[in-house]
Amino acid sequence: MHGEICYLIVKPHDCDSICLTCSTAGIFVNGGIDNEAEEIDYERHSEIYKDLVTFLREKSAKFSENMSKQQHSFFGDKKKGKKKSTSVTEKEEVCTLSKPSLALEKSPSEKRRTLKKLEPVLKWTCPVTQEKKNSAKESQDEKSTPSITEKPKSTSPPTLAGKPQSLSRCKSSVKIEDLVSESSSESEEDEEQPDHRQEGQTDLPSEYWQIQKLVKYLKGGNQTATVIALCSMRDFNLTLETCQLAIRDVGGLEVLINLLDTDEVKCKIGSLKILKEISHNSQIRRAIVDLGGLPIMVKILDSPDKNLKCLAAETIANVANFRRARRTVRQHGGIKKLVELLDYAQSKTDPMHHHCLYETKDVEVARCGALALWSCSKSHINKEAIRKAGGIPLLARLLKSSHQNMLIPVVGTLQECASEERYRAAIKAERIIENLVKNLSSENEVLQEHCAMAIYQCAEDKETRDLVRQHGGLKPLATLLNNTDNKERLAAVTGAIWKCAICKENVTKFREYKAIETLVGLLTDQPEEVLVNVVGALGECCQEHENRVIIRKCGGIQPLVNLLVGTNQALLVNVTKAVGACAAEPENMMIIDRLDGVRLLWSLLKNPHPDVKASAAWALCPCIENAKDAGEMVRSFVGGLELVVNLLKSENKEVLASVCAAITNIAKDQENLAVITDHGVVPLLSKLANTNNDKLRWHLAEAISRCCMWGRNRIAFGEHKAVAPLVRYLKSKDTNVHRATAQALYQLSEDANNCITMHENGAVRLLLDMVGSPDEVLQEAAAGCISNIRRLALATEKAKYS
């Protein structure tokens, strides 16, 4: 019996009419047999005793006397017992509930002999030893993916005819550390929860103990008892964490996973229905993976039984909410099998396939497959596996279905996959955008949300943005802006509008649909995820004069400036861009200045995030350019000019380019130019000259050109070796770089030494090609530089022969 559980029925009037249940956890006495129903009442109605010896001492004086004489200890030496208990493996545990009648058949002497052999064991513990270890190492384990994982050691399927079940599933499969790095766009799900095991077994609801009792029956019952226990377990509210952890704590997960390896379909279905419910709990999900449950579920996807396929796919969808689980599904061939579930329309195996009942079940299979793929598609490698398995055409076909419940996971999967460029190309090829636009007009809010999110993901390229407009998707997006109750849908819709607004033709349409006014109304009292998208959309719309006027007339400037004091980095990047775009209008700039918006922008240059710094610097350029008294305004910010110059020490190319652009505008004022010169702007700009980044080259050349207007800065740039690198800029293919460089060289050529450097580096030949440029500014600057070089050469020649 191994000290697990034994039943003893004692005849009335001794320790009468009692049912005794003993285990290493203690003894409790229950109210015996209901004579009318002829059923054993397993509810406790009496005291709890820590062991059988204590119980018999309490109930029998004779027994107590004999025990004293023999000095008999039931459990023996504690240390010895402890040593033995720890050596007992899970495989040695034997569930004795399957044979309760054996206790009744033994004689009292046999009972005593049996009791003497009992050793304390870790009763019904859930040996998920890997769970806590994996919890501590999870973040490290998930960084290196995929792993070459050894298959879980298979155990013989548990027999349902009364034989003890093997609980070897309790041991996690041995894993070899990942050898290949999986570059995944996903981040590990932040779902590590503290273990909610109850301390001291106090204040637990009765459901906790009732479920544990049912799990014990599962461990040893025959087929009928197992099915009944599974059905009884489902009567509990398995969405409650108490019920979920009760199953885990008593070792129920191992039993449920073992049942999946049987040949009994009813047991598999019952087990999967329970696993599907409890796998919403993050601790349960990880335990299922540790116990090797996912490979078994993947195997069940090949089952001819459609109910089993559905339940297995839905459970996989729940479990695959963290990286290791998604990797396990892929490594056991689960992605390909899940993609095959989507192909229900071409199934010819069922002669009655076109019967409505069968068709409904096939639709459900496809829905569950899409649901599992949705969870798995958060991994970059899984996305590629779905594509290679032919998932995109199948998803495209399902998208034309009239079954809205199936459309949601299909669109959700497409939404996840659309972050990959290859998918976006395939989505366009399969004409999926048309169906996404069509479903924006659905009455299902969840479907609308995911369609809008899919459009948001796909609208990264111009062709998709055009397709959304051509298929009439802009109007329903603008209409959905008016429904602000559903914040998740509003965030998705505003995101889609933001990306579509990058196209000027789409902005014109949004203006016709009065979307800009609606967006301005959403600048207050909205969650940050909505504000990020709203401000992003307004920032794109503000690139046109008409829309900047609309925003001002709708009172949008003040709420935009108010958002400059936030902390959300994505929001700050977008709002600085929007404020900067609005500042292109002098009337808007007056309002921004009055609201102290320029000072707020300047303070964002101290933000630790480089994207915020760069965006704030870009926004300052139109503010300085369009302010009435820009020079005085800039000087009024204490330490502001020094801050800008010090940003030239940044290693971020976008920050450097934006700061150079800001310096170009600052240096238009002579006093400000003098101040930044004193702060060392010339050597810092000169250090940046050796760059291949055309955007930085453009704005750096402009800044150098403007800074040459003060004192001996021209000579200083030559001394700091900035001239020769500038000549190489003329070989760039960017006309903006050509124009800015020609202007800078023209200013530098006022110094004779700089002219010599330009000539030695081949500037004349390059500038001669640009004299014929259609760009008049470039023409004039190139000609002026050549003129200065030629004048110096003539003066040198004249001096030589004089």
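Guide: A polar contact is a pair of N or O atoms within 3.5 Å; within protein, one must be able to donate a hydrogen and the other to accept it, and residues adjacent in sequence count only if both atoms are side-chain atoms. The model is predicted, so local features need pLDDT of at least 70 and side-chain atom pairs count only at pLDDT 80 or more, while totals for chains, interfaces and linings use all residues. Residues are numbered from 1 along each chain as its sequence is written, and side-chain values use heavy atoms, with hydrogens and water left out.

Visitor: With which side chain does the side chain of glutamine 448 make a polar contact?

Guide: Glutamine 448 lies in helix α23, helices (H or I, at least four residues) and strands (E, at least two) being DSSP runs numbered from the N terminus. Beyond its neighbours within four places in sequence, glutamine 448 is in contact (heavy atoms within 4.5 Å) with residues including Leu480 and Arg489. The polar contact, at 2.6 Å, is with the side chain of arginine 489.

Visitor: Is glutamine 448 buried or exposed?

Guide: Buried means under 20% relative accessible area, exposed over 50%, and partly exposed in between (1.4 Å probe, protein chains only). Glutamine 448 has a relative accessible area of 7%, so the residue is buried.

Visitor: How far apart are the ring centres of tryptophan 602 and phenylalanine 637?

Guide: Rings of Phe, Tyr and Trp (its six-membered ring) pair if their centres lie within 6.5 Å; planes under 30 degrees apart count as stacked, over 60 as edge-to-face and the rest as tilted. The planes of tryptophan 602 and phenylalanine 637 are at 40°, so this pair is tilted, and the centres are 5.2 Å apart.

Visitor: Which charged residue sits over the ring of tryptophan 498?

Guide: A charge sits over a ring if NZ of Lys or CZ of Arg is within 6 Å of the ring centre and within 35 degrees of the ring normal. Tryptophan 498 counts as buried because its relative accessibility is 14%. At 4.4 Å from the ring centre is the charged end of lysine 499.

Visitor: What distance separates the end C-alpha atoms of helix α20?

Guide: The expected span of a helix is 1.5 Å times one less than its number of residues. Helix α20 has 14 residues (404–417) and should therefore span 20 Å. Eleven of the 14 are buried, so α20 is largely enclosed by the rest of the structure.
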